Amino acid sequence: MELNRRSFLAGGTLFAAGALAGGAQAEASAPRKVSPYHARGEETFTPKPVARGVRRVVAEPVLQCPAPDSMGVAWAVSGFANGAVEFADNPQLQNATTVRCGGFGMTAFDDQALQVRLVGLRPGTRYWYRTITTPIADYKNSYSIRMGEPEVGDVHSFVTPGENVTARFCVMNDTHENWKQFGPIVEKILAIKPTVIVWNGDATNTTEEKARAVETFLNPPVARKDYAADIPILFTNGNHDYRGKWIRHLDEVMMPRLPSERSSRDWDLTRNFAIRLGDVAMVGLDTGEDKPDWHPKWMGMANFSPYRKAQTVWLKETLARPEIDGAPYIVVFCHIPLFDSYPEANPGDRLENWADWQKECADLWGPLFAEHGVQVVIAAHMHRYRFDPATADRPWAQIVGGGPGKNPWNFPTVIEGEIVGGELRLTCHNVLTGKVAGRHAFKPRFRFLGLA
Ligand SMILES: [Fe+2]
Ligand SMILES: [Fe+2]
C-alpha cells in the first residue's frame, strides 16, 4: 500500500494509479479488469500537477447502493475536482482496478461531490478501496486547465451483499439533520458493526440547494465522518426527502440503484432494492410524500400514485425471485407506516397536514406481503417507536422507528437486525438513554418451518 501511495505521489496524478494497476504489476499478475469504467493507464494522459497545496477532500467517502455485483462511492469536495476510486480484493490494493469519476466520456468536474460506481463485483466478497481526488486548481476554458496534486484517501473496505454474508443490519430514520443526535446514532451503528445500514427516510428537512444535501449525506458535522466509509447505506426516501426544489437532483449525492438490477420496464424505480444479506432478504419500497397527489399544497406537481402502482408490479415479481423467495426471512423497509391501529388517523387520502400511515401503499403491497410470507415491515415517520404484532388479517408485523426528539415518547433509535438461535431478532436501541426499547423475534418463513 505504501508503495502504491509513494508511486502515486511521485507520478503526480490519478492517472498514475491506472498505469500502476495495469502496467508494471501486470507482468507478474494480470489485473482483473472488472469494470467497464476502469482507467487504462496506457491510453491516458498524465498531466504534471502545476498547482501544489490545493486541497479538496473534506470528508471520508460514503458507500451507497450496495448490490451483489456493484457498489456506489461518493465523497464531498470543497472545490472543483476530478477523481477516481482504486479497489481490489486485498488490503494492499495489489492489482487494483481504477474507476474514474463520472463514467465514460469527459469525466467528473464538480465542486461539491464526486461519485464512482464499482461494478463487476462478486457477491458476498470483501473489497478494499480508496479515493483519489485531483483538484482542478484553475479553469479558464477547456484548453486552459491547471491540475493540483492528487489527494490519496485512506484504505477502507466493504462486503458485497450475498447469501453467505453475516445478516446484521442497522436502521436509522428521521434524523432530520439533527446533528446532536446523528452523532450518537452513527456511533451506535459503528459499535454494532453491521454489514449494511438502512437509512429509512427523512434524512433531510427541505433541500433548496445541493450544498445542503452534500452536508447531510456526505459531510455531516459529526465526529465520525467515516460513518459509511466501510458500511454501505441502503436509502429509502422519506416524505421530507421530496421537499425543496433541489431535491429532484438527489441522485447527484445519493446515487440511484443501477438499472441492471431490474428489467428495463422498471428503470425509473431508482430507489427500490432487493438484496440478500445471509438468510435475510431486504426489500426497500418508497412510500413517497405523505399527502395525496391532489392535495392543494403540491400545486399539481405530485405524481406518487402511479409511482406506488409501478412499484407494486416490481414488488410482485421481486418477491418471486429465487433469491428473495428462497430467503428464510423477508424484511421490508419503507418510510411511512403501512398500518395504524386507528385507521382513521390521517390515512393520507384527506386534507390533513400529514398522514399517520400510507393507505394506498398498504392496499397495494399488503396482500403481496401476506402471499409471500413477509414477516415484518420496518417503517419510520411517526417519530415514535412502536411495535404492531402480526394478526390473522395482517400476517406481517410492523416496527416503527423513533424520531429526533428528546423525551420518553420521541427519541432516536437504532434498530439492529441479526440472526440469533435460528430466529431473526430485531432490537430497538434508544440512543438517547443507551437502553433497549424493545426486542422482537421472528421465526423463519412458513415454508422453512415445514408448514407449506
Ligand atoms: Fe420525520
Ligand atoms: Fe416522515
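This is a predicted model: local features need pLDDT of at least 70, side-chain atom pairs count only at pLDDT 80 or more; totals for chains, interfaces and linings use all residues.
The protein chain has 452 residues, of which 49% count as buried, and its secondary structure comprises seven helices and 21 strands. Among the contacts in the chain with a separation of 6 or more, 71% are accounted for by residues 24 or more positions apart.

In soluble globular proteins, nonpolar side chains tend to be buried together. Here the largest nonpolar core holds 117 residues, and those with the most contacts inside it are Trp75, Ile197, Leu218, Met282 and Val332. Strand β6, which spans residues 126-141, provides the largest share of this core, namely six residues. Because domain 1 (2-60 + 73-158) and domain 2 (169-449) both give residues to this core, it lies between them. As for Ile197, when residues up to four places away in sequence are not counted, this residue touches Cys170, Met172, Ile189, Ala228, Ile231 and Ile233.

Helices α5 and α7 pack with their axes 10 Å apart and at an angle of about 5°, which means that α5 is roughly parallel to α7. The residues that make the contact are set out by helix below.

| Helix | Residue range | Residues in the contact |
|---|---|---|
| α5 | residues 304-319 | Ser305, Arg308, Lys309, Thr312, Leu315, Lys316, Leu319 |
| α7 | residues 359-372 | Glu360, Cys361, Leu364, Trp365, Leu368, His372 |

Sorted by class, the contact of α5 with α7 consists of six nonpolar, three polar and four charged residues.

Notes: Residues are numbered from 1 along each chain as its sequence is written. Chains are lettered from A and ligands numbered from 1 in the order in which they are written. Axes are lines fitted to C-alpha atoms, for helices over the stretch in contact, and angles run from 0 to 180 degrees between N-to-C directions. Helices (H or I, at least four residues) and strands (E, at least two) are DSSP runs, numbered from the N terminus. Angles under 35 degrees count as roughly parallel, over 145 as roughly antiparallel, 65 to 115 as roughly perpendicular and the rest as oblique. Two residues are in contact if their C-beta atoms, placed from the backbone, lie within 7 Å. Ala, Val, Leu, Ile, Met, Phe, Trp, Tyr, Cys and Pro count as nonpolar, Asp, Glu, Lys and Arg as charged, and the others, Gly among them, as polar. A nonpolar core is a set of buried Ala, Val, Leu, Ile, Met, Phe, Trp, Tyr and Cys residues joined through C-beta atoms within 7 Å. A residue is buried if 20 or more other C-beta atoms lie within 10 Å of its own, exposed if 12 or fewer, and partly exposed in between; C-beta atoms are placed from the backbone. Domain bounds come from an automatic or database domain assignment.
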